[in-house]
Amino acid sequence: MNRNNRLSQSIIYAVFAVALLWCIKSAEILFGWNLSFMGLVPLHANGLLGIVTAPLVHSSLEHLFNNSLAIFLLGAMVFYGYPKSWLKVVGLIWLLSGIGVWLFAREANHIGASGLTHGLFFYLFVVSIFRRDKMSVAIMMIAFLMYGGMTMTIFPREQYISYEYHFFGAVAGFIAALIWRNTDPKPLVKQYDWEDEEVLDEEECHHNEWQLQNSESSDYDQKKFH
């Protein structure tokens, strides 16, 4: 897949993900549904469903709007930069962040996709440290410029914000980076003609130096035995 096709496909997938969230919220408003049962309630059997469904539900339009832009941008970056591993990364972050919240979070109904967004950000950040190729670092710098504040929102700040979802999303993103850091091949480094000429000149220089050393050694041996 060339870069232009990959970019357009990553945008399509990101738009689809955001559209799905808005469709769910629109249906909730239009039909007067109460989707709180889809939330994640820690250590409650009926809250286990929320491990899968909680990221799909948002408390308000403002809550959804704040997450939508992050999902669109970070999701598109992950798909564009890591097309072979993105689905596994998203799946692991989705499930592992939910499991962490269910086991260790405060007694509350946790909802929203912020755990997913934090997981995607921390995946991009950590995987670039491991890979250190130009594309990974460039993607990470863009993500950090836009959402670097996520490094602080994994700690308690506001009473009604689920920092636990943020924290366990970040942990899941870190683990995903450890597991799949080498799944996607690194981009080839372009070799220029002048670089090849420098390599040839260097090899020729070493070859001439070796010949000179051998010649000097031969002259020394001749002087020694005669």
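Helices are DSSP runs of H or I spanning at least four residues, numbered from the N terminus. In this predicted model, the largest nonpolar core holds 28 residues. Leu 74, Phe 121, Tyr 123, Leu 124 and Tyr 147 touch the most other members of this core. At least two core residues are supplied by each of helix 3 (61-81), helix 4 (86-104), helix 5, helix 6 and helix 7 (163-180). Helix 5 provides the largest share, with eight residues.

The surroundings of Leu 74 illustrate the contacts made by one of these residues. When residues up to four places away in sequence are not counted, Leu 74 touches Thr 117, Leu 120, Phe 121, Leu 124, Ala 143, Tyr 147 and Met 150. In soluble globular proteins, nonpolar side chains tend to be buried together.

Leu 43 lies in the loop between helix 1 (3-30) and helix 2 (50-53). Although Leu 43 is not a glycine, its phi is positive, at about 60 degrees. Leu 43 counts as exposed because its relative accessibility, 56%, is over 50%.

Arg 132 is placed in the loop between helix 5 (114-131) and helix 6 (134-147). A positive phi of about 60 degrees is likewise found at Arg 132, which is not a glycine. With a relative accessibility of 69%, Arg 132 therefore counts as exposed. Most residues other than glycine have a negative phi.

Notes:
Residues numbered from 1 in each chain as written. Predicted model: local features only at pLDDT ≥ 70, side-chain atom pairs only at ≥ 80, totals over all residues. Heavy atoms only, no water. Buried < 20%, exposed > 50% of the residue type's maximum accessible area, 1.4 Å probe, protein only. Core = buried A, V, L, I, M, F, W, Y, C linked by side-chain atoms within 4.5 Å. Contact = heavy atoms within 4.5 Å.
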